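Student: I have a model open and would like to go through it piece by piece. Can we start?
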Amino acid sequence: MLAMNYRGPRRVRADQKPMPEILHPNDAIIRVTRSCICGSDLHLYHGLVPDTRVGMTFGHEFIGVVEEIGPSVEKLKVGDSVIVPFNIACGTCAFCKQELYGNCHESNPQATAVGGIFGYSHTAGGYDGGQAEFVRVPYADVGPTVIPPGMDHDNAVLLTDVVPTGYQAAEMGGIKAGDTVVVFGAGPVGIMAAKCAWLFGAARVIVFDHVEYRLEFVKNYANCEAYNFRSIEDPVLFVKKTTDWLGADVCIDAVGADASGDAMQTITGKKLLLQAGSATALHWAINSVKKGGIVSIVGVYGPTDNLVPIGNVVNKGITIRANQASVKRLLPRLIEHIEAGRLDPKAMITHRVPLEEVADAYHIFSSKLDNCIKTVLIPPS
Ligand code: NAD
Ligand code: ZN
Ligand code: ZN
């Protein structure tokens, strides 16, 4: 089968690989119909995630058709079209029982932090991902959810990660009616977080990025304020000035470790001078939230990054909430929001690329070329 093949930092290509097989009675094999490239894949692509092995197939955002099931699988049948959450969750461990599906212990027992994730290095269990024609899906009775009849499959594929992640970012922020919410990052996750902030009752939503076309998109799509942090003096000062020097009620970090480094280079002088792979957005979030406010982090950092301005967290009495999104927990209510027309995530899809051209697709998404917001990879039919 054709699959994405990681060759080393910034080097990926499409290659023929062996078909995946049922390895456990609870497995299913899914024939992928669409997969996406995510900002999280960029951390792998940029070489920021430890133990990312050459030869791996990335891809944790995919939908497809059930091709084969193991003997213990009861809830799926061959031919079902399914949404597959990016978290690999056993459904029965202590964490899954609390609906912390992103923290499942069984799917990644060697790690004490993250659970198993498709196509996300051996730190997340070493599972191959769905940027391929076929993929093995463990615990097939737990994660995969049949796509509701009538749902656009472009919306369905975005329910595997970015919609729940943006929604959970807003939810973890504890947004209340009347709140001012600041979102750092206007990638797909930040765009969804800004959109979802209104569902929780925000009165004002402000987004910062430095990529103009993304700012333009989020301003219209999420009906919010959007500013280029390169064009203003300092985002922290900007937030303070515009909130009577109180700060925002909730700040969301939808950036994480930024390997591109270009976001950082203009931040000189008395502002933060941080290197690629650092935590500028998180600094800004902590420094611009009000005293007693909440900083919600969905941006992904390396397991050993230790870049938090902890003094200000203590002095301001800030609550920090963070996690991988718990996709399975959120799917029912997000399907409702889409069916009711309150969310239309497919509007973020700007690129639809044959899997064969995966190398170009990564380059374009990583370099923010060609007005790219979200890329869907289409396997050969
Ligand atoms: P993306 O790369 O498309 O978007 C990130 C955006 O942040 C870019 O537009 C970039 O220009 C902007 N940016 C860079 N530095 C900035 C700064 N200092 N301030 C404001 N904006 C800045 O990625 P994405 O797909 O939107 O994902 C965003 C983050 O969320 C990534 O770290 C990704 O790994 C993470 N993520 C987390 C989860 C989860 O479950 N927690 C799930 C999906 C993605
Ligand atoms: Zn993702
Ligand atoms: Zn579990």
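Student: Which residue is the bridge partner of Val181 in strand 13?
Tutor: Val250 is the bridge partner of Val181. Strand 10 (residues 180-184) and strand 13 (residues 248-253) run parallel and are joined by four bridges. Pairing requires that DSSP finds at least two bridges between two strands. Strands are DSSP runs of E with at least two residues, helices are runs of H or I with at least four, and both are numbered from the N terminus.

Student: What sheet order do they belong to?
Tutor: The order is 12-11-10-13-14-15, an open sheet of six strands with parallel pairing. Strand 12 (225-228) and strand 15 (319-322) are the edge strands, each pairing on one side only. From one strand to the next, the twist averages 20°.

Student: And which strands does helix 6 touch?
Tutor: Helix 6 (residues 212-221) packs on the sheet against strand 11 (204-209) and strand 12, and makes about 170° with the direction of strand 12. Axes are lines fitted to C-alpha atoms, for helices over the stretch in contact, with angles from 0 to 180 degrees between N-to-C directions. Contact means C-beta atoms, placed from the backbone, within 7 Å.

Student: How far can I trust the coordinates?
Tutor: This is a predicted model, in which local features need pLDDT of at least 70 and side-chain atom pairs count only at pLDDT 80 or more, while totals for chains, interfaces and linings use all residues. Residues are numbered from 1 along each chain as its sequence is written, and chains are lettered from A and ligands numbered from 1 in the order in which they are written. The chain averages a pLDDT (the predictor's confidence in each residue, from 0 to 100) of 93, and 94% of the residues score at least 70. Over residues 261-277 the pLDDT is below 50, though that stretch has 29 contacts in the model beyond near neighbours in sequence. Where pLDDT is low, the predicted coordinates should not be read in detail.

Student: Changing topic, what are the domain bounds?
Tutor: Domain 1 is 2-161 + 326-378 and domain 2 is 166-322, with bounds from an automatic or database assignment. Their C-alpha centres lie 26 Å apart. The contact takes 22 residues from domain 1 and 20 residues from domain 2.

Student: Which helix gives the most to the domain 1 side?
Tutor: Helix 1, with four residues.

Terms used: Contact = placed C-beta atoms within 7 Å.
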